[in-house]
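Colleague: I'm new to this one, could you walk me through it?
Modeller: Gladly; have a look at it, and then ask away.

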Amino acid sequence: INSRAYFFWDLGKAKIQFRPLNQISLPFTADKTIPASMIRLDGNGRVILRCERTPNRNIVNTIDLRYKRDWASSEYSSIENGSDNDSITRYGRREKQDDFEFDWTRIQSQAADLTAFFLAQHKEPSDVLELELFLDNVELERGDLLKISPPTHENTDLPALVLGAGRKIGSG
């Protein structure tokens with residue numbers, strides 16, 4: 001990864017899309033609202049909804065992003081540093097050095113943007129919802145902003161960012 005883009009296949013088409021933060025700033029404008037009636041139930045009438053918090057071992061709050069790789073020596077000639085003090089106070093210093101080597105990045109401003117993006121992305125655990133929707137929602141794609149009102153929650157219009165969408169052919 002040398003940019004903030006997703007490259008993926010969707011129904012046989014190659015797509016590339018700018019990768020937003022997996023965060024939503026309030027207030028926001030939703031691309032679509034998902035009421036409880038659009039969330040599929042299993043055979044026993046229970047909502048098919050799973051919620052998982054990403055583990056703390058995935059937290060990264062200090063980044064030394066290496067870029068401008070010299071292919072002859074296999075070394076990086078530049079490093080962009082960044083850290084989040086609030087996250088370090090809460091979780092201790094966390095870094096994953098091998099995850100931030102950007103062979104094709106050449107410009108300091110791009111390296112700074114990538115450092116800021118990955119710090120914002122990984123400084124805190126995330127809540128990930130997985131749910132099954134009816135065919136009315138087939139147009140949803142990665143990066144769409146949703147308001148979800150699951151029947152299992154008191155809160156309505158929970159903000160959500162689509163991280164991925166799959167389709168089960170023949171599922172109705």
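Colleague: In what order do the strands of the open sheet run?
Modeller: The open sheet is formed by 3 strands in the order β6-β5-β7, with mixed pairing; strands here are DSSP runs of E with at least two residues, helices are runs of H or I with at least four, both numbered from the N terminus, and two strands pair if DSSP finds at least two bridges between them.

Colleague: Which strands stand at the edges?
Modeller: Those are β6 (75–83) and β7 (101–102), each of which has a single partner strand, so one side of each is left without a neighbour in the sheet.

Colleague: Before we go on, what kind of model is this?
Modeller: This is a predicted model, in which local features need pLDDT of at least 70 and side-chain atom pairs count only at pLDDT 80 or more, while totals for chains, interfaces and linings use all residues. Residues are numbered from 1 along each chain as its sequence is written, and side-chain values use heavy atoms, with hydrogens and water left out.

Colleague: Back to the sheet, how many bridges join β5 to β7?
Modeller: Strand β5 (residues 62–70) is joined to β7 by 2 bridges, and these strands run parallel; Arg66 has Glu101, in β7, as its bridge partner.

Colleague: Which helix lies across those strands?
Modeller: Helix α2 (residues 108–122) lies across β5, β6 and β7, and it runs at about 150 degrees to β5, where angles run from 0 to 180 degrees between N-to-C directions and the axes are lines fitted to C-alpha atoms, for helices over the stretch in contact, contact meaning heavy atoms within 4.5 Å.

Colleague: Zooming out, how many helices and strands does the protein have?
Modeller: The protein has 2 helices and 10 strands, and its C-alpha trace spans about 60 × 40 × 30 Å along the principal axes. Of its 172 residues, 30% are buried.

Methods
Buried means under 20% relative accessible area, exposed over 50%, partly exposed in between (1.4 Å probe, protein chains only).
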